[in-house]
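Hi,

Here is the structure I promised to pass on.

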Amino acid sequence: MSSTFLAVGNCGLYLEQGDITRSETDAVVNAANSGLRGGGGVDGAIHRAGGPEIMAECRQIIRQIGFLPPGQAVRTGGGRLPAQHVIHTVGPVWQGGHASEAEQLASCYRTSLDIARTWQCRSVAFPSISTGVYGYPLAQAAPVALRAVTADLRRQQAPDKVIFFLFDDRSYSAYAQALEQLAAETDT
Ligand code: ADP
């Protein structure tokens, strides 16, 4: 049996398989690049579904800040997405595991949740950051992601609901296994 839900105080952490662009959460998180230029994977899907308004806001942000370093996040509107906000964060590129990748990945989740709280979002959807083109091994990324989110929810008690949208079977199983492990540790 694999887990798909974990209660963290008054908050709930959920795993779902599917396309994050359809998420009806208040915010969706984008696995962006440092130039916020759009691209393939989940980034391309969000810009295609959300329309050009999101890219226009991204360009404006980049004009102001130059580039977005790994581990940080910024917010734009959701354009035509059901979600009202898109939180763009830059995951680390996997370099073998000794280049602070885990710290940067955890920071992506924490800073995104900080922004979500600033905008009073009650629900947030995350993709599996860095495990596509950026090459972070799924079995290692899943526990880092889930631990970062649960630790943050435990401290802050908001937002009410965090959903990981896992696109394919492999990602879903890796997160389900990691969540089961985390739930077992939390019980003891
Ligand atoms: P990164 O560059 O951070 O590795 P990718 O977009 O290449 O980002 O991949 C991150 C994860 O997002 C991968 O598991 C990929 O399968 C997944 N993904 C791609 N499209 C979507 C989508 N529409 N909804 C949710 N997840 C998606």
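**Around the ligand**

Helix H1 (residues 41-50) supplies three residues to the shell around the ligand, the largest share. Helices here are DSSP runs of H or I with at least four residues, strands are E runs of at least two, and both are numbered from the N terminus.

Before you read on: this is a predicted model, where local features need pLDDT of at least 70, side-chain atom pairs count only at pLDDT 80 or more, and totals for chains, interfaces and linings use all residues. Residues are numbered from 1 along each chain as its sequence is written, and side-chain values use heavy atoms, with hydrogens and water left out.

In total, 17 residues surround the ligand, the closest being Asp19, Val42, Ser130, Gly132 and Val133 (a residue is near if one of its heavy atoms lies within 4 Å). By class, that shell has eight nonpolar, seven polar and two charged residues. Nonpolar covers Ala, Val, Leu, Ile, Met, Phe, Trp, Tyr, Cys and Pro; charged covers Asp, Glu, Lys and Arg; the others, Gly among them, are polar.

Now the polar contacts, meaning pairs of N or O atoms within 3.5 Å. Val133 has a polar backbone atom 2.9 Å from an oxygen atom of the ligand. For Tyr134, a backbone N or O atom lies 3.0 Å from a ligand oxygen, and Thr131 brings a polar side-chain atom to 3.4 Å from an oxygen atom of the ligand. The ligand taken alone exposes 560 Å², and the protein buries 91% of that (Shrake-Rupley areas, 1.4 Å probe).

**The pocket**

Which pocket does the ligand take up? The space it takes is the largest pocket (more than half of its atoms must lie within 2 Å of the grid points). A pocket is an open set of points on a 1 Å grid over the protein atoms alone, where a 1.4 Å probe fits, with protein on both sides within 12 Å along at least five of seven lines; lining residues have an atom within 4 Å of a point. The largest pocket holds about 670 Å³ of space, counted as the space filled by probe spheres set on the points. It is lined by 31 residues, and Gly41, Val42, Asp43, Ser128 and Gly132 are the closest to its centre. H1 gives the most to that lining, with five residues.

Most residues other than glycine have a negative phi, and most peptide bonds are trans. Ala158 and Pro159 are joined by a cis peptide bond, with omega about -5°. Ser100 has a positive phi, near 60°.

Cheers

Notes: Polar contact = N/O pair within 3.5 Å; in protein donor to acceptor, adjacent residues only side chain to side chain.
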